[in-house]
Amino acid sequence: MSSSFVEFERQRSVVRCRLLEEIRRRRLPGAGGWSHCGVHFGTEPTSLALLALYSFPPGSTVLGEELAPLVARQLPNGLWPAAGDGAAGVSFWASALAVNTLMTLGATSETFNASLNALVHCRPLEASWLVRLRFRLSDRQVRFDPTKHGWAWIPDTVSWVVPTSMALITLGRAKRQGLIRGRESEKRLRLGAEMLLDRACPEGGWNAGNALVYGVPLRPHVDATALALAALRFHYHLPIVRNSLTWVLNRIDCPSAYSLAWVILAAAAYKDARLDVSPALDMARNRLAALVEDPRAVEDTSTVALAALALEPENTNNPFEVKA
Amino acid sequence: MSPLTSRRVFGGALLARTGALAVRQLCSTGFLRDRRRRRSRVAILHGDSYDGPLDRTLIDGLRLFDLNLRGKTVLLKPNLVEYIPGAEVNTNPRLVGAAASAFLALGAKTVLVGEGPGHQRDTVLVLAEGGLEAELRERRIRFVDLNRDEIRKVPLQTPFTGLDCLWLPRTILTSDFVVSMPKLKTHHWAGVTLSMKNLFGVMPGVAYGWPKNLLHWKGIDRSILDINAAVPAHFVIADGIIGMEGNGPLHGSSRDLGRIVLADDPVAADFACSRLMGLNPLRVNYLAQAAEFLGNGTPERIVQLGEMLPATVRPFAVLPAFAHLRL
């Protein structure tokens, strides 16, 4: 092992400790939880902060009181709002992330059984034949197949790449743990994966979900591509997934810690599939450590927490890895 | 003109006219409050390039309006969509930086820059790649990610989307003086994207997602009207130094205009910008309606400061669906 490798490793470990310290410092007073930037609860920062603090080492005991801030914000229908007390309504992205967090940290299934059921049974707008007809007849500027649907950000809207990816990661984990079964969930998982594949950019990668508008291909986004790759690990045999991995590995010079952390967490699942992944991950972790060297300068707590997760050296309990 | 284009021109013009008449009816029956001021002011300034003395140009331009900024918190809201190398997609960072310095020079207590990009979730990435992060760092101006700001519920008093409220970022509601800083572009769904459409970017992604799809389903034109009625911008600085024509807002072609438009009324600003683009604002659906209750569009209610609108302009290229917009 070279001395420079050891030095980088030590540096990453120091930065990770600082990040964890910063997460603890940002914990909201009172009911707890974390906010993106201010003092209002956010489901994404809270979920990611809990994962960063408690998912390593794997199998460590997480007390119920540590999960309480997240569980306390669950709505009566089993889902979560993205922010605040729930008045702004349900977010499927936030809900999938919260359930994945609870499963990863070993919460009792009673806390999230209703959530899994709600995630399986919720439908985006294009699940309705009337909306599909509209897309087929008049609303045709964006190229996509409306018969393949995933998950929307919020109710009464259509599917998008990021919430669909997180829902697939979460439901994939639930299936593996025997928490969901049956034809309905199988169909939902299959349709969700098909929707992601349908929305891929022509040269690989994903953006919010519009690959081709007025015949012009739009550019992929780093974070959306990483999340979709995490969800589609078992579709690596498909050229579009392989091309997308290549695309994202070429973006490790990305100047944003949020996107780079997602790349590290997603690409880690492909280490066994390709020889170029591990060296790229190593470089990406060094770069990430440099970007978040001063965690107080990072405004969004989600970024602080994601970076802490991505800098974990032996990522054996990666919360976003879909395993067989 | 082909028969199809003729039908589109006729249909588009009729739609905008009908919408405007419906809004006028709503105002006359008391369902909608007429918020127009007696007079609005618009200044068109020369700005040949982003390397010029923009700070000076803006200070001189803002002085024409005699604004009382003393002790106020000013929020600049540029249009940041995403970074595409070589494409003029976003409000130029140098103009944003110059505006921040100009407001501070004119007495503002604090200047913030805030935006919530609609498709790209990683706001930090858009800032860094587009050059705004470096510009603001150099000028020591704080940026607020409106997509992840704390949110507050604001009841709607206009009926266009049918929504009873909007969730809005705390920063926009607590700022004393909101400045919309659009880039002059054509838009493949709204016709043009100017200071009013730019306020789509204040809708927080944390509540509405990426993109803000609920508002698309409620209708882009209708959402623009409700948002602008709920969060009126106090001032406009529009980046018309280089605009975008054709398949905007992302994949159109750059178009040199060499102008910066300042106004104390977003509707008046968008009317002036449309005319600079060689497009008829009364045929832009949401602008025709906005001019009936939100702000001024008619020349007799607009005081023109600085230089006048050019007598002739080469119209911006538009997609066939918006052929009716050309003057």
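**Strand pairing**

I began with β10(B) and found that 9 bridges join it to strand β11 (residues 253–263) of chain B, the two running antiparallel. I took two strands as paired if DSSP finds at least two bridges between them, and strands (E, at least two residues) and helices (H or I, at least four) as DSSP runs numbered from the N terminus. I noted that Gly240(B) has Arg259(B) in β11(B) as its bridge partner.

The model is predicted, with local features needing pLDDT of at least 70 and side-chain atom pairs counting only at pLDDT 80 or more, while totals for chains, interfaces and linings use all residues. Residues are numbered from 1 along each chain as its sequence is written, and chains are lettered from A and ligands numbered from 1 in the order in which they are written.

I then looked up the parallel partners of β10(B): strand β7 (residues 177–181) of chain B pairs with it over 2 bridges, and Val179(B) stands opposite Phe235(B). Strand β8 (residues 183–187) of chain B also pairs with β10(B) in the parallel sense over 2 bridges, and there Lys183(B) stands opposite Asp239(B).

**Burial**

I found 10 of the 11 residues of β10(B), residues 235–245, to be buried, that is, with 20 or more other C-beta atoms, placed from the backbone, within 10 Å of their own.

**Contact between chains**

I recorded that 28 residues of chain B are in contact with 32 residues of chain A, contact meaning C-beta atoms, placed from the backbone, within 7 Å. The largest share of that side of chain B, 4 residues, comes from α4(B).

How values were computed. Two residues are in contact if their C-beta atoms, placed from the backbone, lie within 7 Å. A residue is buried if 20 or more other C-beta atoms lie within 10 Å of its own, exposed if 12 or fewer, and partly exposed in between; C-beta atoms are placed from the backbone.
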